[in-house]
Amino acid sequence: MANINENYLELQGGYLFAEIARRVAKFKQEHPGADIVRLGIGDVTRALAPAVIEAMHRAVKEMADADTFRGYGPEQGYDFLINAIIENDYNSRGITLDAGEVFISDGAKCDVGNTQEIFSTGCVIAVADPVYPVYVDANVMAGRGGRYNAASGKYDRIVYLPCTKGNAFTPELPAKRVDIIYLCYPNNPTGMTISKEGLKKWVEYAKRTGAVIIYDSAYEAYITEEGVPHSIYEVEGAREVAIESRSYSKTAGFTGVRCAYTVVPKELTGTDGKGNKVQLNTLWNRRQTTKFNGCSYITQRGAAAIYTPEGKKQTREIIGYYMENARIIREGLSAKGFEVYGGVNAPYIWLKTPGDLPSWEFFDMLLNRLNIVGTPGAGFGTCGEGYFRLTAFGSREDTLRAMERIKKGI
Ligand code: MLT
């Protein structure tokens, strides 16, 4: 019999959102009449923007005609989308990128989970605590977690950077040397942001120590305040130390369509066992051309339509809709006396559980008493214990119903 990858045995429980879905399905089975409001996983509920739909329809028509039909596309993505990304997401902010530095994919979750493959399994990773679980689990699967310590709730080879009320949910620099640092801003799960000065500290740290930052900016489109960095490359020198992943899932409702991109600048290097510098862009390109056949043409045409004048206007309206939900949740919870964070530059609201109730107990209470699904903070790490996340991605009706239930029921 084939030996398995024993690193998988170190993974704790199921994947967070799969575990929540399992618990909700069980509850639904036991209470078939329950009218459940789902504000757990950050899954969008608004329809795709008309400009996106029209572009996808046009692309489908092209696929229906042998003269315009497309087979395999470039593994890195089509130029029309790469150029639109560079012009709109980067040049507009004074950032220059080369077309060969942008890689289109089928999701930022895949990219932030896969980029670790181009690094040695001996690398030490640092993550914020609480953290999007994909960064941790992907590295545990690869063997960078070490052993799980049940008492501390941590893997012994991973460096955890506490994000607490005390540090405004932005981590301090690691006390020991690390090789790879995962940062996510606007943050999932806390909904908090980092200042340009704060980000500069990380870039300088990475330059000083030779670490690589994997920067997840999936929620960038939700930034409403001036001065909040939209990309790590706004910081001088970041091209030498950072990979950035961004997704259309939340920006344009693509959770079910699947499209994202990752930027790997050509200046960014790692070292081989002999101390020679190796371009990470070359390694990532090799990885993608081997294991990935590109994101579908129809999808990429849909994504490119987001950058047209109508596409921009329509996606802004959809984001505005969700951010109004965020305001309703934030203000509703504050009025009820909850300590609330996030929800201003991000679609997530991070709240302190009443009376320091453990997160999973609060989850059960909300589900059983009010039929509301949220995400327990403890699922994102030990520092998430005593916190809870609600998403603004529900419909307006569901958001209002949830707040009404919380107002009356807690
Ligand atoms: C979340 O709820 O944290 C996200 O939807 C998960 C994801 O984007 O994969």
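**Ground rules.** I'm working from a predicted model, where local features need pLDDT of at least 70 and side-chain atom pairs count only at pLDDT 80 or more, while totals for chains, interfaces and linings use all residues. Residues are numbered from 1 along each chain as its sequence is written, and side-chain values use heavy atoms, with hydrogens and water left out.

In contact (heavy atoms within 4.5 Å) I find 34 residues from domain 1 and 46 residues from domain 2.

**Buried area.** I took this as the accessible area (1.4 Å probe) that two parts lose on being put together, summed over both. Between domain 1 and domain 2 it comes to about 3200 Å², with 60% from carbon and sulfur atoms. On the domain 1 side, Leu11, Tyr15 and Asn345 lose the most area to domain 2, together 21% of what that side buries.

**Across the interface.** I counted 18 residue pairs in polar contact between the domains, both residues at pLDDT 80 or more. The rule wants a pair of N or O atoms within 3.5 Å; within protein, one must be able to donate a hydrogen and the other to accept it, and residues adjacent in sequence count only if both atoms are side-chain atoms. Helix 10 (309-335) is one of the elements that supply at least two residues of the domain 1 side; I used DSSP runs, helices being H or I of at least four residues and strands E of at least two, numbered from the N terminus. Helix 10 gives the largest share of that side, eight residues.

**Salt bridges.** My criterion was a side-chain nitrogen of Lys or Arg within 4 Å of a carboxyl oxygen of Asp or Glu. The whole structure has 25, and one is between domain 1 and domain 2. I noted Glu339 with Lys165 at 3.2 Å, N to O. I also noted Glu101 with Arg239 at 2.5 Å, N to O. That pair links distant parts of the chain, 138 residues apart, with both partners in loops.

**Ligand.** Around the ligand (a heavy atom within 4 Å) I listed residues including Phe17, Ile41, Lys109, Tyr219 and Arg389. A backbone N or O atom of Gly42 is 2.6 Å from a ligand oxygen. For Tyr132, a side-chain N or O atom is 2.5 Å from an oxygen atom of the ligand. Asn188 places a polar side-chain atom 2.8 Å from a ligand oxygen.
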